[in-house]
Amino acid sequence: MPITYDSAAPEKTNENHRILDQFYPPLTQGTTRRSPMRELISTVLSHRTTHADEELAYDRMLEAFGDWEGVVAAPTAELAHAIRTTRWPDTQAPRIQEILRRIKAERGEYNLDFLEEWPTEKGMQWLNDMPGIGLKTASLVLLFNFRKPVLPVDTHVHRVAQRVGMIGPKASVEKAHQVLLEQLPKDSLLLLNFHKHNYWHGQKICFFTKPDCARCPLKGFCNYYREHYGPATAEALAATPTHWDPAWGSLPH
């Protein structure tokens, strides 16, 4: 039986948030991963790249060229070499330089703090107009750094949402940004937790191959679980952990 999108999707989305908000540690309003400029450039570097390799590329880039002005002035081939731990350094190097040039040309400095004062849609449009910056990158910057009510959807969030039935089986990552956001309150802290908790869930339990369904607290209403194992039994639900155990490992960045 194929996984289907059903009319209960909004209820599933809110139940997902309620359960994962108890299962994983909550994030607070003050949680910020890194500065806006670093968030932007690091997220560009992170495409199809592990967090460790992304961090290494970022650090090597600034060690080699000092600051954003140095990165813009660097020979593109040398910048590509500095960020060689990313998936496509020859593509990302000129892209990063063009993004930095446009920020400096339009704003007079390498600083994104003005986005805090801009309306959400204006900020999204401005970021999306940059080369190589899509909905996920723009949403991450606006949500994490400026607490705008947007929802980043990466491959992990997308996978969980499709398997549970919060979005349709053919909904693209881009479409999922809109669909999931429409189903949730426009509260930046709630959206921050929804994103991170589903990101962690995709990373640590709802794997691309062989998801750990026995440990999953969403099995009671998950389409994927029902397709593969049938309706969740009372015994299966009773045996399901209710909180993330640090003994299982640390949660990703």
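This is a predicted model: local features need pLDDT of at least 70, side-chain atom pairs count only at pLDDT 80 or more; totals for chains, interfaces and linings use all residues.

Reply: Residues are numbered from 1 along each chain as its sequence is written, and side-chain values use heavy atoms, with hydrogens and water left out.

Me: At what angle do helix H9 and helix H11 pack?

Reply: Axes are lines fitted to C-alpha atoms, for helices over the stretch in contact, and angles run from 0 to 180 degrees between N-to-C directions. Helices are DSSP runs (H or I, at least four residues), numbered from the N terminus. Here H9 (residues 155–164) meets H11 (residues 188–204) at about 85°, the axes being 8 Å apart. That makes the two roughly perpendicular (65 to 115 degrees).

Me: Which residues make the contact?

Reply: Contact means heavy atoms within 4.5 Å. H9 brings His156, Val157, Arg159 and Val160, while H11 brings His195, Asn198, Tyr199, His201, Gly202 and Gln203.

Me: And how do I read aromatic pairs?

Reply: You describe a pair of aromatic rings by the distance of the centres and the angle of the planes. Rings of Phe, Tyr and Trp (its six-membered ring) pair if their centres lie within 6.5 Å, and planes over 60 degrees apart count as edge-to-face. This structure holds ten such pairs. Take Tyr58 and Trp68: they are edge-to-face, 6.1 Å centre to centre with 70° between the planes. Tyr58 is in H3 (residues 51–65) and Trp68 in H4 (residues 68–73), so the pair ties together parts ten residues apart in sequence.

Me: Are Tyr58 and Trp68 buried or exposed?

Reply: Buried means under 20% relative accessible area, exposed over 50%, partly exposed in between (1.4 Å probe, protein chains only). Tyr58, at 7%, counts as buried, and so does Trp68 at 13%.

Me: Which residues form an aromatic cluster?

Reply: Phe23, Tyr24, Trp200, Trp244 and Trp248 form one. Trp248 is partly exposed at 27%, whereas Trp244 is buried at 10%.

Me: What sits over the ring of Trp248?

Reply: The charged end of Arg215, 4.2 Å from the ring centre. The cut-off is NZ of Lys or CZ of Arg within 6 Å of the centre and within 35 degrees of the ring normal.

Me: How many residues of helix H2 are buried?

Reply: Ten of its ten (residues 36–45). Their cover includes H3, H4, H6 (89–107), H7 (120–128) and H8 (135–146).

Conventions:
Angles under 35 degrees count as roughly parallel, over 145 as roughly antiparallel, 65 to 115 as roughly perpendicular and the rest as oblique. Rings of Phe, Tyr and Trp (its six-membered ring) pair if their centres lie within 6.5 Å; planes under 30 degrees apart count as stacked, over 60 as edge-to-face and the rest as tilted.
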